[in-house]
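Reader: Please take one part of this model and go through it closely. Keep it brisk.

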Amino acid sequence: MKKDEPRQHLGGPRWEGGDAAEERMEDWYQTGVTEFEEGEVVRGRVVHIGSSEVLVDVGYKSEGAIPIEEFHRHGSLPKVGEEIEVYLEAKEDSEGLIVLSKDKADKIKVWDAITQAYEKGAPVEGRVVEVVKGGLAVDVGVKAFLSGSQVDLLASMVGQTIRSKVIKLNRRRGNVVLSRRSVLEEEREEKKKHTLQVLSEGMVLTGTVKNITDYGAFIDLGGIDGLLHVTDMSWGRVGHPSEIFQVGDQVEVVVLHFDRETGRVSLGYKQKSSDPWERVEKTYAAGTKTKGKVVSLTNYGAFIELEPGVEGLVHVSEMSWTRRVRHPSKLVNVGDEVDVIVLDVNRAAKRISLGMKQVEPDPWATIEQRYKPGARMLGRVRNLTDFGAFIELEPGVDGLLHISDMSWTRNVGHPSEILKKGQEIETQILNLDRENKRISLGLKQIQPDPWTTVQQRYPMGSRVTGKIVRLTDFGAFVELEPGVDGLLHISQMSNRPIGRPDELVSVGDELTLLVIRVDANERRIGLSLKELAHAIEPPKEMEERGGGRRAGRRGGKHRDDYDDDDEE
């Protein structure tokens with residue numbers, strides 16, 4: 001229909017005038033009208049596009065009108081003169097017009113295509129529209145169902161265009177069931193065939209992370225899987241492959257080895273970059289100060305990552321100038337950043353020795369200038385042990401106060417009897433050993449030694465009074481004053497033979513004794529009960545009269561009592 005021609009009623013005749021027109025109409029009815037059956041898909045030509053409908057001439061006695069919305073749902077509008085397929089719903093409606101449908105024609109075409117694909121086993125394409133119970137809904141022209149079990153994986157497929165095969169079809173109920181397995185197998189086999197043809201050692205290609213294990217990751221190279229071992233992922237330390245890759249990642253790898261007979265492929269990721277150890281001698285020359293991160297601790301030291309792929313060891317002996325480090329965790333933790341000095345580099349063995357203490361000057365190098373024997377120093381009790389106390393004189397410099405140098409007078413069983421941790425005390429430097437990093441301290445040395453004047457206070461031949469504090473097999477120790485003990489030997493207890501000291505004396509007894517020996521250097525005082533008895537023995541005429549005072553233990557036996565024992 002031309003634009004300047006008046007539009008006739010769709011169901012009415014077309015007037016062209018005269019007998020000629022009537023003859024042509026008769027010819028058209030006799031030869032031009034094609035026989036149509038309702039429910040068929042027929043081809044027609046678009047003759048007019050209006051605002052609400054599209055007129056299509058299918059060669060019948062009248063044109064059919066199709067709502068324009070049916071074309072919008074399927075994309076763009078056709079052009080005037082374009083041939084399209086439509087569905088003949090009815091030859092005449094209540095107004096005598098032919099009834100056409102574009103929607104139904106398209107659906108029939110889709111169903112025909114799906115049926116044909118089902119019969120031939122050919123794949124169909126469709127777009128995943130949503131996740132439904134048990135799988136996916138796929139638009140293949142009609143809504144079809146694709147079975148699946150992994151919900152997370154299914155959700156990631158929404159919006160994708162996939163190829164699958166129709167495994168079940170019920171056109172009457174409108175049910176279509178799809179399967180991707182056979183299509184994927186065919187596609188994988190094609191990819192594998194192509195990959196095997198081009199694969200060679202040393203080539204770089206892109207694959208997809210298919211699976212991750214403790215020892216590596218399997219990469220889909222296109223129909224064939226290759227193993228990327230954890231040791232070939234990075235020049236640096238990798239605890240687990242999941243630290244670097246995730247399933248589904250696209251990764252560029254290098255083919256390290258390919259066995260065509262077994263189909264095994266070994267891949268590398270770190271090989272894309274150069275080995276950092278090739279330039280380590282220039283980057284980390286001995287004496288270089290650098291920073292690193294603590295990545296591992298052992299009993300013997302800490303491993304420091306200087307850069308990805310390059311680690312060095314700080315031995316426990318290289319951690320502190322002053323402290324004896326039993327375990328690295330006392331000073332550092334995994335993840336700490338530390339300053340270190342490169343001590344030695346062995347590129348062939350891939351070993352770097354590092355030092356932490358070398359970052360700071362050694363306080364022991366000038367120790368003799370700051371501390372001299374005989375000098376008194378203030379310090380803080382840092383630690384107590386069974387054999388003494390460690391006194392911090394300055395940060396990093398400790399001295400040992402031995403238990404034997406804590407008191408002139410007390411027999412100290414443990415340092416805690418005198419000192420407390422954190423206590424500030426004054427000590428005297430007794431000895432200094434710079435090479436072995438040792439300082440000996442004394443506490444008792446800051447007080448006068450009572451033994452230096454013991455000869456003046458306890459001269460030989462003098463009488464003294466003391467308390468028995470300890471018994472031994474060879475005698476008894478008598479405390480004359482705090483810190484000054486004398487020995488009463490068993491041979492000096494009586495004129496008669498004594499088998500054991502406790503036959504005559506007991507701990508706690510107070511005795512008056514005679515000093516028979518003094519040695520200040522050896523710190524020994526010899527005492528005698530026997531000699532005291534001789535010194536105070538009365539004249540014989542007094543003995544006959546039974547007079548005189550007898551020496552001995554206060555409140556105990558007299559000397560004559562000891563002698564009389566022999567008569568029993």
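Author: Here is a close look at one strand and its partners.

This is a predicted model, where local features need pLDDT of at least 70, side-chain atom pairs count only at pLDDT 80 or more, and totals for chains, interfaces and linings use all residues. Residues are numbered from 1 along each chain as its sequence is written, and side-chain values use heavy atoms, with hydrogens and water left out.

Strands are DSSP runs of E, at least two residues, numbered from the N terminus. Two strands pair if DSSP finds at least two bridges between them.

Take strand 25, residues 438–442. Strand 23 (residues 397–402) runs parallel to strand 25, and two bridges join them. Strand 24 (residues 424–433) runs antiparallel to strand 25, with five bridges.

Next, the turn. Strands 24 and 25 form a hairpin with four residues between them. Lys-437 lies in that turn and has a positive phi of about 55 degrees.

Now Gly-442, also in strand 25. Gly-442 is buried, at a relative accessible area of 0%. Buried means under 20% relative accessible area, with a 1.4 Å probe and protein chains only. Beyond its neighbours within four places in sequence, Gly-442 is in contact (heavy atoms within 4.5 Å) with Leu-401, Asp-405, Thr-427, Gln-428 and Leu-430. Thr-427 is 15 residues from Gly-442 in sequence, yet their C-alpha atoms are 5.5 Å apart.

Terms used:
Buried means under 20% relative accessible area, exposed over 50%, partly exposed in between (1.4 Å probe, protein chains only).
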